[in-house]
Amino acid sequence: MITLTALGKKYGMGKRKATRLIDLGKFKLIHQPAEDSLRVFVSEDSVKAFFDEKAEFEKNYILCKDVFQTFGFAGSTFYSYLESHKELNANFTQEHHFFSIHELPENYYGISDQRYFFKRKDLEILQSNYISLVQAQELIGMKDSSGSSTWLKRRPQIQIFSFSESGRNSRFVQKSTLLEVHKTFNPRLGRRYDKDKYFSYKESQNTLQLSSEYFKKLIQEKKLIPSKSSRQLILFEKEHINELVTLQQLEYIRLSSNYMTYPQVLTEYPDINLRTLTATKKIRKMEIPALLSTLFKNENDQVGLGKYLYFKEDVKEYHKNTVIHNAINNEVTPTNPYHEYLRRLDILNFTFSDRCAITKELWNEFANEFLQSRQSRVYDVTNEIWCLTRIVEALTQLLDKEIFEYSAKELNLLLLNSNQIVRRAREELYRFLHFVHRVIMLRLSMSPYQLETLTNPRTLDRVNHEKKVYSYFEYESFFLYVTDLNTHKKKAVLQALNLAESKQFKQYTGYDSMWLYMLLHLNNAWRHIDCQHIPRISLEGIEIANLKSLYDNDLSDADVKKIIFRLKCTPMIVSKTQAERNLFCAPEVERPLATAVAICEMRTSAFNNDSPTIITGISNINGRMLKKRALKAFFQNYCDNDTFSFSNRAMNRTVISLVQCVQAFYGAEKDTEYMRVLRSHTDFETTDIYNQIPQERMDVISMQLFDRDMFGHIPDVFSNLLFGHPTSESVQTSRIKEVKDNIGSIYKLEETAGFLNTMHDFNIQASRNFIENHEEHKDIIKTLISEMSIEEVNTFYRKLIMRQLPSKQEHHQCLVSESQCKFPGRDCEGCPLSIPHFYAISSLVERLFNKLHSIEKALLEQLPEAELTRMANWLELDLDLLKYAQNKYGKQEIALFATGLNKKLQKIESLRAYQTIKRIEVDS
């Protein structure tokens, strides 16, 4: 036998790896004293047998990743091969089970990531008998890769073995078969012709110095017509070819003086935006004529010629605008919007004429006040500054005297009705003209123009866009597709992993970001710009540490709860109104949403750790439109891909209309607190939107739509009285469904309110301890339940889930409703009849700290015992509520809110001796 220490010295094996092999039964354990881990003995025979077995295995097998590294393939390529290798080489039959994957159990040889192996014999065969498609192209003497691919496709006897769907270096053919087929099919030209009068096909191509591709294109365009043609020979007249050579030279001189190639643009203007160069309409361009392709390409030995020639003057002007754009955006200073505005004016070189000196002074005063009234959010203030610069551009170009010297009709014609000025700028111009009018009236006591005659751009007709809304069945199909982990998870991980490893952003289609973006639409009515601004979250304490591990494993239930909790805790705002933005997440969405957030956060941490948001690469440069490539990639496998077209506005209207329909079905008489929070912005007109939902589907859609993150005494009593105490959150969730299917809810609204109010009047405080330990009151509640009809029970419970029980404060519901409040002078936060939602936690903790502060001050005075008892009980009610939150969301997560609370409680420990209700210990 041998100790683990000796094992390490003799075989170079660490104790952790040895322990794994003991657990797997590979090493036979002889002796293991509990008090001394260093004196663990294993059978040396079993160790020797293990290393013999491992050596024999490594003699015949090689790690898959080592093979991929040998050929220089990216790490993510293996995961794609692992998933699709059978389908990829379904038609390859030249070798038996060629490069099939041999999978070992996890930690089989003590190393967790060594599970997948190839036979060494397969690698030897590949290296000795096969060549890549790149090598095959060179071997058969073809210069054009597309031509060689076509040649191979027409010869099915040459089978291709592939490690990936794309990449010519990762696809192989048998060398001997290739040479044999090439020899058989190599054409033999034996026809004679008059060489003084004609050029052959190859001679004509060489004389014109054209590639095979462009020479064929010249023939297709009818600019070069064969004089004689047969199956074996194509001839062209020498005279015609020589004329084309002369034309080549003349056209090249003419075009090269006015146009430039893509490499020339890159060399002369290296800071130009090359991604938009071919798409912009601001640069005139033409396709490179086939006849001139080689002349342009040979100039300075340029490579990557591109498809177009670009008009030089347009490129120069476009570059000038690019320099201005870069100067504006690269040194943005959002902390001082007015200074940023002045900096941009200086860059753009917009200056008022000397005849408009007072107008300039008035405008700068207006602009300063305007920007000071806006909060300093980068994506908000930047748009406002852009609007102001557009106005200055119009004023400096159109005004030839002071603005107050124009009549109202002239101002309408010149500024307010001009389609050359964007509508948003005209609206602010209208406000500026009001500002000028007020100033002139104050300073000169005279009206510069008739204010009522000015045209208000807001009153002008707008283009009416169709208010599209998806049907219930379209939403349900979209919901099922977006929440399908099997469809999206591995694709998203591979995309993120590839970006993290290669750092090649151009190849990134944003699949993981698009998945998260779509998931957010299922329960939230957020603008497109807000859906993209999802802040970073901490993944500390999550069991899965990296993307590779996440590819093979799913998040645990506890990790899902942590991620959703932290995302909800993160402050978010509505970009337009600066109002608080709350995240809603129904139970059925939690797991896919948490998975997508984890993938995006891990990818952001690996690729661009300085980024403030985890969504990237799915929108165009200005962030206003989703990229077609990203949308196409995400919906590629969607069953309704041919008929479904995603729209942010349409999906927002759909979610709001579905929520309204469900609430109306279950008896909502007015806009509930749920709707008020869901519509954190108010520009959606939903009163005229109707969505018909089949009655039998109401229960399903209500579970998919509504976030039911409530906690506290009342929700627990409802569930516990029906089912007993739950063992886990998942059990609690399934019970909610059973309530509807079997019994319904708990309380008849008015009777229960009266019962709880009576308890409060007797100073019982409706505590959990009282309900659990007073059997007679349990009997009262059971009696109340038995007297209710199933319809009444179901109606009340649905109102609780859909937050249709309004209260006086945000993020609370009331058992007796706002209109029948029994305690008008009391906040909902301290009332036993209130039902707090998740978002009430922060205000609860803030109130606790305020209470502790006021109690500390009060204890400096001499107070009667009754007052001390009141204060102790007053504090304990909130601690009880905080304990409910800890039980639901976890102690560590609530600690994010309540750091330092126990230290504060220790300072007033003497007070807690006076309390008369059950004492609660809070962890922080």
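## Ground rules

Helices (H or I, at least four residues) and strands (E, at least two) are DSSP runs, numbered from the N terminus. This is a predicted model: local features need pLDDT of at least 70, side-chain atom pairs count only at pLDDT 80 or more, and totals for chains, interfaces and linings use all residues. Residues are numbered from 1 along each chain as its sequence is written, and side-chain values use heavy atoms, with hydrogens and water left out.

## The whole chain

The protein chain holds 41 helices and 17 strands. Of its 924 residues, 48% are buried. Here, buried means under 20% relative accessible area, exposed means over 50%, and partly exposed lies in between (1.4 Å probe, protein chains only).

Contact means heavy atoms within 4.5 Å. Take the contacts between residues at least 6 apart in sequence: 71% of them join residues at least 24 apart.

Two strands pair if DSSP finds at least two bridges between them. E4 pairs with strand E6 (residues 116-119) in the antiparallel sense, over 3 bridges. Which residue of E6 is the bridge partner of Ile62? The partner is Phe118.

## A sheet with E13, E15 and E14

Another open sheet has 3 strands in the order E13-E15-E14, and the pairing is antiparallel. Strand E13 (259-261) and strand E14 (285-287) are the edge strands, each pairing on one side only. From one strand to the next, the twist averages 35°. E14 and strand E15 (residues 308-311) pair in the antiparallel sense over 3 bridges. Met286 has Leu309 of E15 as its bridge partner.

Helix H12 (residues 238-258) packs on this sheet and touches E13, E14 and E15. The direction of H12 makes about 90° with that of E13.

## Helices H22 and H27

Two packed helices are described by the angle between their axes and the distance between the axes. For helix H22 (residues 485-502) and helix H27 (residues 587-607), the axes come within 9 Å and cross at roughly 5°. H22 and H27 are therefore roughly parallel to each other. That label covers angles under 35 degrees; over 145 counts as roughly antiparallel, 65 to 115 as roughly perpendicular and the rest as oblique.

Which residues make the contact? H22 contributes Leu485, Lys489, Ala492, Val493, Ala496, Leu499 and Ala500. H27 contributes Arg591, Pro592, Thr595, Ile599, Arg603, Ala606 and Phe607. The residues of this contact divide into 10 nonpolar, 1 polar and 3 charged. In this count, Ala, Val, Leu, Ile, Met, Phe, Trp, Tyr, Cys and Pro are nonpolar, Asp, Glu, Lys and Arg are charged, and the others, Gly among them, are polar.

## Nonpolar cores

A nonpolar core is a set of buried Ala, Val, Leu, Ile, Met, Phe, Trp, Tyr and Cys residues joined through side-chain atoms within 4.5 Å. The largest has 66 residues, and Phe478 and Leu593 have the most contacts inside it. Helices that each supply at least two residues of this core include helix H21 (472-482), helix H23 (511-520) and helix H29 (648-665). H27 gives the most, with 9 residues. Leu593 touches Leu516, Leu519, Leu520, Ile564, Leu583 and Cys585, not counting residues up to four places away in sequence. Apart from this core lies another, of 42 residues, among them Ile324, Tyr341, Leu388 and Leu416.

In H21, 8 of the 11 residues are buried, so the helix is largely enclosed by the rest of the structure. Phe478 is one of these buried residues, as are Tyr472 and Val482.

## The loop between H22 and H23

Thr509 sits in the loop between H22 and H23. Is Thr509 buried or exposed? Thr509 counts as buried, at 17% relative accessibility. Thr509 touches Gln495, Gly617, Arg629, Ala630 and Ala633, not counting residues up to four places away in sequence. Thr509 and Arg629 are 120 residues apart in sequence, and 6.8 Å apart in space, C-alpha to C-alpha.

Gln504 lies in the loop between H22 and H23. Gln504 is partly exposed, with a relative accessible area of 42%. Gln504 and Phe607 are 103 residues apart along the chain, and 9.7 Å separates their C-alpha atoms.

Key:
Axes fitted to C-alpha atoms, helices over the stretch in contact; angles between N-to-C directions.
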